[in-house]
Amino acid sequence: MPINRNIFVVFILMVISVAGITALQFYYSYTYYKVESATFQKEIDEAFTEAVDSAFSRNQARVVQLFKTWIGDTSYVSITTRWDTLNKQTIFNLNEVQPVSGNSRVSLSLDTYKERTDSLTPEARNVIIDHMTNHVAADLKKGVVWYFTQGLGDRLSDAYYNTPIPRNIFIDEYKKALRRRSITTPFKVIEAKEAAPDGYCTVVIDVGVKTNAGPKLRACFTNADAFLLGRLRWVIGGSVLLLLITLGCFWYTARVLLSQQKLSALKDDFISNMTHEIHTPLTSITITAQVLKQFSHDRTAQDNYLDIILYQSDKLSALADEILAGARLEKEGMALTDVTNINSLLAETAKSKFAENVNVTVVPLPDDIKITGNRANLQRALDNLIDNAVKYSTNVNPAIVIEGHMQNKEFIISIADNGPGIPDELKEKVFEPFYRIPSGNVHNVKGYGLGLSYVQKVIAAHRGSISIEDNTPAGSRFIITLPI
Ligand code: ADP
């Protein structure tokens, strides 16, 4: 069936627009990824600087704490006091217990401490220790430390300048700084001289306490792309979803358009076919009725004319029935409530055909196979198949064989004939409403192309399926599968 020109144009536009939307979505996602990647680089750099600062502070706190334990250690420093009568203040004297070379003692007074303390009280001891510790803490921040005594100075120098800041402090602080930025992907802290792995690396920072003398470190992320994609998952997922919805809608619209077009072509066919089918009996009825009315006839002739009228009106009403059955099925659906014994259903259907002198063989089945469904519709469907088998076997003596068997909880019915068969490429098409195989003169065999579409609808309503195979040596075999 050639596609209508307007529909074709709509298809082309649809394809262009889907391709355009896809390309734009890719472009936006890629741009967004680039922006996220730059933001990520900025964040890991900022976090690294922040972590280095925090590590320095933590290291200073560590050294201050050490200093406090040294001066609090009486085996290392002894603290005494005396009252300076001249200046009216308490003087604190600190002496290294085991002096090293250089200045090993220091005396100091505190502006904030006005009490007279001739011998050191625990309170005064705490005051002087806190004062000295705070002093060192403030000095460390400034970078120039007042030593007090040579021994304390050497120890401070050793602990602060000569002991590198432990690497795990950096790692710990960096983790915290990253977490504040919601970055959770793993990283490695490496020396600048080490080869950087592929991926994202931070700026290099000298983490020595003495400027430019310490190790130069940076952090590298090898799995950052996966992390970034994870961050973008809603954007990418949303895009893919929208795309799928758009594609789905387009696909559905295309299908509806095509099926509408197909339907309208089929309906045109049907109408011309039907006009012919209705016209012939109607003309015959009209002419016969006129002849009856115009002339007087004997009883036998009258009966003959009336028989013609009855025969033709029967044909018309059969046509109306067929169209109505299909329409009703479509509109009302069907109740699947009858429990039917398949054997009796098949036997009954076949019996009606014996009456018409058709050779139908039913291979008997186990008697206990039952199906729940709509008996009347199932029977009408089987009837249609047998009718077809008979009416299309015009050049042979029709012989129809009906068989059934159970297979994996499904009941399979096969209706085989010895007629002309159906070509492979039309085995699905014959189920479309109004479709008739055009080969030969289709009007030789009466029909409207509705029978098989009705059968398929009935079988589908029973959650089953129907297909056609070739029969040997000739003919078709309709296979119905019904779940039990
Ligand atoms: P109708 O018989 O009213 O034309 P159907 O829907 O029953 O409509 O069948 C569609 C077409 O399938 C028929 O026109 C016929 O060409 C073909 N067909 C159906 N049954 C058989 C059969 N048993 N053998 C050969 N052709 C068949």
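The shell around the ligand divides into ten nonpolar, six polar and three charged residues. Here Ala, Val, Leu, Ile, Met, Phe, Trp, Tyr, Cys and Pro count as nonpolar, Asp, Glu, Lys and Arg as charged, and the others, Gly among them, as polar. This is a predicted model: local features need pLDDT of at least 70, side-chain atom pairs count only at pLDDT 80 or more, and totals for chains, interfaces and linings use all residues. Residues are numbered from 1 along each chain as its sequence is written, and side-chain values use heavy atoms, with hydrogens and water left out.

Of the 19 residues around the ligand, Asn388, Tyr392, Asp417, Arg436 and Leu452 come nearest. A residue is near when one of its heavy atoms lies within 4 Å. Helix 9 (375-392), helix 10 (451-461) and strand 14 (476-483) each supply at least two residues of this shell. Helix 9 gives the most, with four. Helices (H or I, at least four residues) and strands (E, at least two) are DSSP runs, numbered from the N terminus.

Now the polar contacts, which are pairs of N or O atoms within 3.5 Å; within protein, one must be able to donate a hydrogen and the other to accept it, and residues adjacent in sequence count only if both atoms are side-chain atoms. A side-chain N or O atom of Asn388 is 2.8 Å from a ligand oxygen. For Tyr392, a polar side-chain atom sits 2.6 Å from an oxygen of the ligand. Gly451 uses a backbone N or O atom, 3.2 Å from a ligand oxygen. Alone, the ligand exposes 540 Å², and the protein buries 97% of that. Accessible areas come from the Shrake-Rupley method with a 1.4 Å probe; for residues, only the protein chains shown count as cover.

Next comes Ser393, in the loop between helix 9 and strand 11 (399-407). Is Ser393 buried or exposed? Ser393 is buried, at 3% relative accessible area. Buried means under 20%, exposed over 50%, partly exposed in between (1.4 Å probe, protein chains only). A polar side-chain atom of Ser393 lies 2.6 Å from the backbone oxygen of Ala389. Beyond neighbours within four places in sequence, Ser393 is in contact (heavy atoms within 4.5 Å) with Pro398, Asp417, Asn418, Gly419 and Pro420.

Helix 5 (residues 224-231) has Ala224, Phe227 and Leu228 buried. They cover an arc of only 100° around the axis, which puts them on the same side of helix 5. The arc is that of the directions from the helix axis to the C-beta atoms. Their cover includes helix 1 (5-72), strand 5 (200-201) and strand 7 (216-221).
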